[in-house]
Amino acid sequence: MHMDQQNPLVDGLSLKELGDSVLVEIEPLRKRIHFLKHVEYRIISKCFQIPVHRMFSDFELFHSLLVQKFIYRMVPPLPPKRILKGVLNSISDREFNDTRRRGLQRFMTLVIRHPVLAGDELVSIFLQASSADVQHKLREAVKKSGDEFLTSQMALHGKVYLPEDIHSQAATNREVIANIHNSFHKLRDVAERMAQRSRENSTDLLLFGKDLSELGSDTSDLPASAALGKAWKTQRKSLVEMSGEFGLLADKAAHQGTREEDEVVEKLNLLLEQLQSYKELCDRHDNGVLIEHLRAFEKRSGPIATHLRRQSSVEQPNCLLTQMGDVWGDLHPKLKSLFDNANESSSRSSSETHISTKRKTRAITAPHITRKSQ
């Protein structure tokens, strides 16, 4: 997992070259403390192959220590804390837990694909240490290593990598990243609405088919004076057959919604969180972190302190844009395939349903036509 770096500001590594993958799952057997449900997460990485269990508080400490150690690097954001409103609602509880799990999955994915964070001791500890020791080991590791900005030998040669107009470039980059973030945020919202409509369509089709099945399964006899007993039996049989077709359509709509959620919405969220990490980095810089560091340098002596008093650096978005390109390159063909398949499936399903409905309508009305001709 260690990443070699020739130039700290320019990194052309692709997602495949960064290599590792991680899986975050909700541990179903460990939780449940009366009113509040403390969910535990099972994490396993391709690199270490050691399943570990973590609470959300472990993720919070891990994130805060990454920001503390790598104050001038892009650290991915965590999903938000629990909102107590609706905590007693089991359905919203499940939805919240799944949304948080997806957010933690994205957080870990971005951490292990970061060319610097991925090789740090904090990541190794978080993915290997036991549940009882992880927080203590994380804190001890930061105490020993300290702040990257204060201790890095690379700072001696920082000016080699920094252009003279670094501040104007940083301001321009921030504006560009903000515009890209807003655009992808709109795309993500549209994709979420599409996935939601597919799920709702699946539910409606399923309910429609269920109602048809119940109507067709009604065995109550009509009054003898109605003289419709034979025709009604034929109609009930046709209704039951049609309910099965609506069930198939509901399954297709549900599958479509899942694909839209997993292959489109999640990838767009991954892009958004990469962009958000850069925005938060700029905010830390603007909020005076650099001034605090410079004051700390004045209390130190030696060549590193002398050089660092004269310069400052913020991680450039080259790595961000490279990885964004990889994610978008993977997402684009899936979007095209998804919409092409959706249009083809929709038109085919509509045609099949229309033809089938016409056939069944003829079957239903045939007894009446025969009776009239007689």
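Helices here are DSSP runs of H or I with at least four residues, and strands are E runs of at least two, both numbered from the N terminus. On that count, the chain in this predicted model has twelve helices and three strands. Of its 374 residues, 41% are buried. If you take the contacts between residues at least 6 apart in sequence, 75% of them join residues at least 24 apart.

- The three strands make an open sheet in the order 1-2-3, and the pairing is antiparallel.
- Strand 1 (22-27) and strand 3 (52-55) sit at the edges, each pairing on one side only.
- Going from one strand to the next, the twist averages 35°.
- As background, strands of a sheet pair through backbone hydrogen bonds, in either a parallel or an antiparallel way.
- Strand 1 and strand 2 (residues 40-45) run antiparallel and are joined by six bridges. Look for Glu 25 here: it stands opposite Arg 42 in strand 2.
- Strand 2 also pairs with strand 3, again in the antiparallel sense, over four bridges. In this pairing, Ile 43 stands opposite Val 52 in strand 3.
- Strand 2 and strand 3 form a hairpin, with six residues between them.

**Helix 2 with helix 4**

- Helix 2 (residues 56-69) packs with helix 4 (residues 121-128) at an angle of about 170°, and their axes are 11 Å apart.
- Angles over 145 degrees count as roughly antiparallel, so that is how helix 2 and helix 4 are described.
- On the helix 2 side, the contact is made by Asp 58, Phe 59, Phe 62, Leu 65, Leu 66 and Lys 69. Helix 4 brings in Leu 122, Val 123 and Phe 126.
- Sorted by type, the residues of this contact come out as seven nonpolar, no polar and two charged.

**Helix 2 with helix 5**

- The axes of helix 2 and helix 5 (residues 134-145) come within 10 Å and cross at roughly 5°.
- Angles under 35 degrees count as roughly parallel, so helix 2 and helix 5 get that label.
- Helix 2 makes this contact with Ser 57, Asp 58, Leu 61, Phe 62, Leu 65, Gln 68 and Lys 69. From helix 5, the residues are Val 134, Gln 135, Leu 138, Arg 139, Val 142 and Ser 145.
- The residues of this contact divide into six nonpolar, four polar and three charged.

**Cysteines**

- Searching the whole structure turns up zero disulfides.
- Cys 47 has 40% relative accessibility, so it counts as partly exposed.
- Cys 282 has 8% relative accessibility. Buried means under 20%, so Cys 282 counts as buried.

Key
Residues numbered from 1 in each chain as written. Predicted model: local features only at pLDDT ≥ 70, side-chain atom pairs only at ≥ 80, totals over all residues. Heavy atoms only, no water. Axes fitted to C-alpha atoms, helices over the stretch in contact; angles between N-to-C directions. Parallel < 35°, antiparallel > 145°, perpendicular 65-115°, else oblique. Contact = heavy atoms within 4.5 Å. Nonpolar A, V, L, I, M, F, W, Y, C, P; charged D, E, K, R; others polar. Disulfide = S-S within 2.5 Å. Buried < 20%, exposed > 50% of the residue type's maximum accessible area, 1.4 Å probe, protein only. Pairing = 2+ DSSP bridges.
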